Amino acid sequence: MSESRRGAPRVQEPPLGAERAGRIPRRWKKRVLPVVIVRRLRDRRVRLPVYAVAGLLLAGAAWIAVTGVLARNELLAAQRSLEALRRQHLAQPAVDPATAAGPPTTRTATAQDAVRSAAGHAARAHRLTTGPAWFPAAHLPVLGGPVRTVRGIAEASDRLTHDVLSPMARTVAELGSTGTDDGRHLDLSALRRVAPLLEQASRSASEVRADVDDLPHGTWLPATDRARTELARQLDRITPLTHDAAAAARLLPSMLGADGPRRYLAVFENTAEARGTGGLPGAFAVLRTERGRLSFEYFGNDTELSEAYADVDLGAEFGALYGPGAPTRTWVNSNMSPHFPYAARIWAAAWQRHSGRTVDGAFGLDPGAVSGLLAASGPARLPDGSVVAAHNVVDLSERASYALHPDVKRRKAYFLDVARAVAIRLLGASADPARRADLFSALHRQLGEGRIKVWSAHSAEQRELLARSFGGALPKESAPLAGLVVNNAAGTKLDYYLHRQLVWAPGRCVGGQREVTVTVRLTNRAPVSGLPPYVVQRVDDPPYDTRPGDNRLLVSYYASAEATLSGATLDGRPTQVGHGAERGHPVFTLDVELPARGTRTLVLHLLERPWDRSPVVLRQPLVHPLRATVLPNGPCVG
């Protein structure tokens with residue numbers, strides 16, 4: 001029977017060679033070519049290669065799917081190993097003597113086992129994603145995005161565990177197993193030996209972070225995008241730790257007296273009365289270091305240095321901003337600037353003028369830092385039998401002591417008792433191998449939070465410190481900045497009750513600049529009655545009536561370089577602010593009376609350079625942390 005009788009249309013093929021000659025009419029291309037292709041696929045010589053290619057593609061896709069699932073399982077297992085290590089670290093703050101008494105070698109071995117397990121899982125994930133099917137698939141347009149991301153995550157995880165975490169764990173093990181003659185001080189020669197290893201781990205961490213940032217940020221598979229984002233977030237936590245560890249290995253041997261004795265001025269800042277670096281400089285101590293051994297040589301209070309002055313020149317900008325407060329001649333105003341090296345230089349020069357002795361550097365720390373360190377060392381006992389511990393040291397030194405000791409001399413003596421007791425407790429913990437790791441971990445946290453700041457009189461060391469957060473330096477002028485700084489102008493101790501909020505909001509672009517609105521809210525939660533007279537006394541003698549609990553602040557905003565102020569309001573009403581500059585940053589300052597139980601709202605309207613990144617938020621360490629909100633900063637398009 002013919003095809004037409006079977007119901008199928010009869011198709012007439014184009015003349016032989018017409019396709020090659022390019023003479024196929026449009027109607028043939030539309031109606032006939034599909035039939036021709038099908039018929040030619042029936043040719044075995046054409047069919048077999050096509051099936052082979054299709055089979056390879058299907059096999060490759062299946063291989064990628066299977067190995068992708070296996071690699072995911074390996075990466076999850078690696079993550080679980082590291083998470084268990086993190087939980088173990090956080091769960092041992094050494095506040096429990098039974099826990100703290102655990103052998104350090106056992107804890108180090110556990111950490112090494114966790115890192116080794118994670119490294120094994122990450123290596124297997126990397127091998128699973130480097131087969132012959134993965135490379136071409138990763139380079140497919142559009143479709144290859146998730147494949148490339150998965151490959152990159154596996155490779156980055158492998159490098160992170162092998163080139164970063166494993167050397168760090170080996171370093172901890174080596175430092176822990178290397179003893180000294182008495183076991184009660186740091187082995188600085190061992191620290192110098194591991195410095196190159198930590199330096200390489202630091203470089204590797206930066207390289208891995210850059211590689212992860214180069215991976216596709218948005219693909220058609222959201223799960224891989226989330227995995228990349230999470231890995232980047234983890235690296236953002238780990239990479240600064242490796243940088244700090246490498247810097248510590250470079251700095252600590254010389255700073256702890258490996259090459260000869262060192263002396264440092266440690267100043268305790270009372271954040272109940274705000275100053276630029278944190279709080280008013282009160283009690284102080286002289287710390288001596290020699291070959292890893294630490295000891296305190298002297299303790300004093302602010303009264304002793306009230307007449308000392310510092311013969312230092314910090315430049316015309318510094319004098320214009322802070323000259324009325326006489327920071328180089330008034331100890332309690334010596335740290336009005338948030339740039340800690342300025343305060344440290346003044347402290348060192350004032351101590352030399354007072355005592356005739358030089359120091360090799362200076363530290364600044366506040367009761368919040370002491371609380372964090374006592375959580376690791378355990379409580380300290382005062383001569384009267386009372387206990388100073390992590391849970392009460394802030395309240396005791398910044399609120400309760402003013403009611404317990406109304407007499408100024410007795411209170412200052414009490415502060416010295418606290419300082420001595422805490423110093424002895426911390427030195428004891430640093431000499432105890434069972435507590436040393438926890439204490440150093442707590443020290444690192446306080447350094448990272450800016451509650452402990454460090455300055456060195458030795459230029460090479462100071463250059464290193466300036467690059468670290470605990471150097472306490474204002475960011476370089478090339479970085480965008482949002483900095484709220486308050487200085488107590490009333491002489492009260494009411495900043496214990498101060499709450500601060502900052503909102504940085506970018507707006508439209510006008511004439512090559514971006515409009516920025518900065519909103520600052522200051523709340524004084526001091527009670528209107530019941531506070532000791534010393535806490536609420538006003539030494540500023542204002543020309544207006546005040547009530548007990550009212551406070552007064554010099555409020556300064558440190559803006560990005562080249563920023564200009566187009567207007568300002570205080571509680572919705574236009575106001576005039578002072579203009580200055582410090583280290584390349586414009587500074588706008590307003591004198592604000594802050595009544596008890598009241599809130600004042602300052603709004604600044606700025607024009608800034610259209611930065612391609614969000615500003616660095618300057619966090620002045622006070623009793624209550626700054627609540628800062630930085631809204632998204634998109635590109636300027638108009």
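## Helix α17

On one side of helix α17, Ser459 and Arg463 are exposed, where exposed means over 50% relative accessible area, buried under 20%, and partly exposed in between (1.4 Å probe, protein chains only). Helices (H or I, at least four residues) and strands (E, at least two) are DSSP runs, numbered from the N terminus. The structure is a predicted model, in which local features need pLDDT of at least 70 and side-chain atom pairs count only at pLDDT 80 or more, whereas totals for chains, interfaces and linings use all residues. Residues are numbered from 1 along each chain as its sequence is written, and side-chain values use heavy atoms, with hydrogens and water left out.

The buried residues of α17 (residues 459-466) are Glu461, Gln462 and Leu465. Viewed down the helix axis, these residues fall within an arc of 100° (taken from the directions from the axis to the C-beta atoms), so they line one face of α17.

## Salt bridges

The structure holds 32 salt bridges, each a side-chain nitrogen of Lys or Arg within 4 Å of a carboxyl oxygen of Asp or Glu. In one of them, Arg233 joins Glu230, with the closest N and O atoms 2.6 Å apart. Both residues lie in helix α10, three residues apart, about one turn of the helix.

Another salt bridge joins Asp591 and Arg552 (2.6 Å, N to O). This pair links distant parts of the chain, with Asp591 in strand β15 (residues 585-594) and Arg552 in strand β11, 39 residues apart. At 38% relative accessibility, Asp591 counts as partly exposed. Arg538, Asp540, Arg552, Asp591 and Glu593 are linked in a network of salt bridges.
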